[in-house]
Amino acid sequence: PGGVTAMESFLEEFFPGVLRRMAAARRDQYCVYDSHVLTAFTSSLYLAGLVASLAAGRVTRAVGRQAVMLAGGAFFFAGAAVNAAAVNIAMLIVGRMLLGFGIGFTNQVCLVFMTADLYLEPPLNF
């Protein structure tokens, strides 16, 4: 594990059972992260990103690339705000899902947005 899921302060606040198993582990931390809730917390971002990236193409055709990039940024900002204000696991998972939607939309559209202008406008020669 890495990042925030390995921080003691985070585990103490939201996953105290995992932290107790870490303290009781004798040799390594291999199985102490066996928590369905911790797995749901971690996976929620990736699943939401997958769903958003699958829907991003149709949404982009309907509202345009710039609007989808702005929506992705708004989702990411909202997810960061929810996670910063989280007081329980449900808020953490909702925040991670909003982050996933933001990542899914912007990852799908960003490259198209950047490369489309290369083909529409003449190159700049300095």
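The protein chain exposes about 8600 Å², of which carbon and sulfur atoms supply 65%; accessible areas come from the Shrake-Rupley method with a 1.4 Å probe, and for residues only the protein chains shown count as cover. The model is predicted, with local features requiring pLDDT of at least 70 and side-chain atom pairs counted only at pLDDT 80 or more, while totals for chains, interfaces and linings use all residues. Residues are numbered from 1 along each chain as its sequence is written, and side-chain values use heavy atoms, with hydrogens and water left out.

**Overall architecture**

- The secondary structure of the protein chain comprises 5 helices and 0 strands, where helices (H or I, at least four residues) and strands (E, at least two) are DSSP runs numbered from the N terminus.
- Read from the N terminus, the elements follow the order α-α-α-α-α.
- Of the 126 residues in the protein chain, 28% count as buried; buried means under 20% relative accessible area, exposed over 50%, and partly exposed in between (1.4 Å probe, protein chains only).
- Among contacts in the protein chain with a separation of 6 or more, 62% come from residues 24 or more positions apart, a contact being heavy atoms within 4.5 Å.

**Packing of H3 against H4**

- Two packed helices are described by the angle between their axes and the distance between the axes.
- Helix H3 (residues 36-63) packs with helix H4 (residues 65-84) at an angle of about 125°, and their axes are 7 Å apart.
- This angle makes H3 oblique to H4, because angles under 35 degrees count as roughly parallel, over 145 as roughly antiparallel, 65 to 115 as roughly perpendicular and the rest as oblique.
- H3 contributes Val59, Thr60 and Val63 to the contact, and H4 contributes Arg65, Ala67 and Val68.
- Classified by residue type, the contact of H3 with H4 has 4 nonpolar, 1 polar and 1 charged residues; Ala, Val, Leu, Ile, Met, Phe, Trp, Tyr, Cys and Pro count as nonpolar, Asp, Glu, Lys and Arg as charged, and the others, Gly among them, as polar.
- Axes are lines fitted to C-alpha atoms, for helices over the stretch in contact, and angles run from 0 to 180 degrees between N-to-C directions.

**Thr60 in H3**

- Thr60 belongs to helix H3 and counts as buried because its relative accessibility is 17%.
- The side chain of Thr60 reaches the backbone oxygen of Ala56 at 2.5 Å.
- With residues up to four places away in sequence left out, Thr60 touches Arg65, Val68 and Val109.

- Ser43 lies in helix H3 and, at 27% relative accessibility, counts as partly exposed.
- Ser44 is also placed in helix H3, but its relative accessibility of 8% makes Ser44 buried.
- The side chain of Ser44 reaches the backbone oxygen of Phe41 at 2.9 Å.
- Apart from residues up to four places away in sequence, Ser44 touches Ile93, Arg96 and Met97.
- Leu47, likewise in helix H3, is exposed, with a relative accessible area of 54%.
- Leu47 and Arg96 are 49 residues apart in sequence, and their C-alpha atoms are 9.8 Å apart in space.

**Ile93 in H5**

- Ile93 is found in helix H5 (residues 89-120).
- Excluding residues up to four places away in sequence, Ile93 touches Ala40, Phe41 and Ser44.
- The C-alpha atoms of Ile93 and Ser43 are separated by 9.1 Å, although the two residues are 50 residues apart along the chain.
- Between Ile93 and Leu38, 55 residues apart along the chain, the C-alpha separation is 9.6 Å.

**Met22 in H2**

- Met22 sits in helix H2 (residues 16-24) and is buried, with a relative accessible area of 15%.
- Met22 and Glu8 are 14 residues apart in sequence and 9.8 Å apart in space, C-alpha to C-alpha.

Note on methods:
A polar contact is a pair of N or O atoms within 3.5 Å; within protein, one must be able to donate a hydrogen and the other to accept it, and residues adjacent in sequence count only if both atoms are side-chain atoms.
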